[in-house]
Amino acid sequence: MSKDTMQDDFEDFFSDGGKSPRAIEQSGGRYCLMQATSAWHIWRAASSIQSSEIARLTAELAQAQNGAQMYEY
């Protein structure tokens, strides 16, 4: 997922679907609210962890499927 798409998803969430646009106001490329900045950093970290976990689980699944194919009758 690109940073822009991730940030769009975050802003949609943090602004309650656009109902609270002031929650995601920016100045100089940064969020005005400290809470928004903190939440954005957490969102990015969680997305990074989730992406690496998905990759690990996908690799494990592929490995398990390859092992199962070896023992098919």
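Predicted model: local features only at pLDDT ≥ 70, side-chain atom pairs only at ≥ 80, totals over all residues.
Hi everyone. Let's start in the middle: the largest nonpolar core has 6 residues, namely Met6, Phe10, Ile24, Tyr31, Ala36 and Trp40. Helix 1 and helix 2, which covers 34-70, each supply at least two residues of this core.

Now let's step back to the whole chain. The protein chain has 73 residues, and 15% of them count as buried. Looking at contacts between residues at least 6 apart in sequence, 41% join residues at least 24 apart.

Next, please find glutamate 11. This residue sits in helix 1, residues 3-14. Is glutamate 11 buried or exposed? Its relative accessible area is 18%, and buried means under 20%, so glutamate 11 is buried. And what does it touch? Setting aside neighbours within four places in sequence, glutamate 11 is in contact with Ile24, Gln26 and Tyr31. With tyrosine 31 there is also a polar contact between the side chains, at 2.6 Å.

Let's finish with charges. How many salt bridges does the structure hold? There are 3. One of them pairs arginine 22 with glutamate 25, where the closest N and O atoms are 3.7 Å apart. Arginine 22 counts as exposed, at 65% relative accessibility, while glutamate 25 is partly exposed at 37%.

Then move along to arginine 56. Its side chain meets glutamate 53 in a salt bridge of 2.5 Å, N to O. Arginine 56 also forms a salt bridge with glutamate 60, with the closest N and O atoms 2.3 Å apart. Where do these partners lie along the helix? Arginine 56 and glutamate 53 are 3 residues apart in helix 2, so about one helical turn separates them. Arginine 56 and glutamate 60 are 4 residues apart in helix 2, again a separation of about one helical turn. Together, Glu53, Arg56 and Glu60 are linked in a network of salt bridges. As for accessibility, arginine 56 is partly exposed at 38%, glutamate 53 is partly exposed at 33%, and glutamate 60 is partly exposed at 40%.

Key:
Residues numbered from 1 in each chain as written. Heavy atoms only, no water. Buried < 20%, exposed > 50% of the residue type's maximum accessible area, 1.4 Å probe, protein only. Polar contact = N/O pair within 3.5 Å; in protein donor to acceptor, adjacent residues only side chain to side chain. Contact = heavy atoms within 4.5 Å. Core = buried A, V, L, I, M, F, W, Y, C linked by side-chain atoms within 4.5 Å. Salt bridge = Lys/Arg side-chain N within 4 Å of Asp/Glu carboxyl O.
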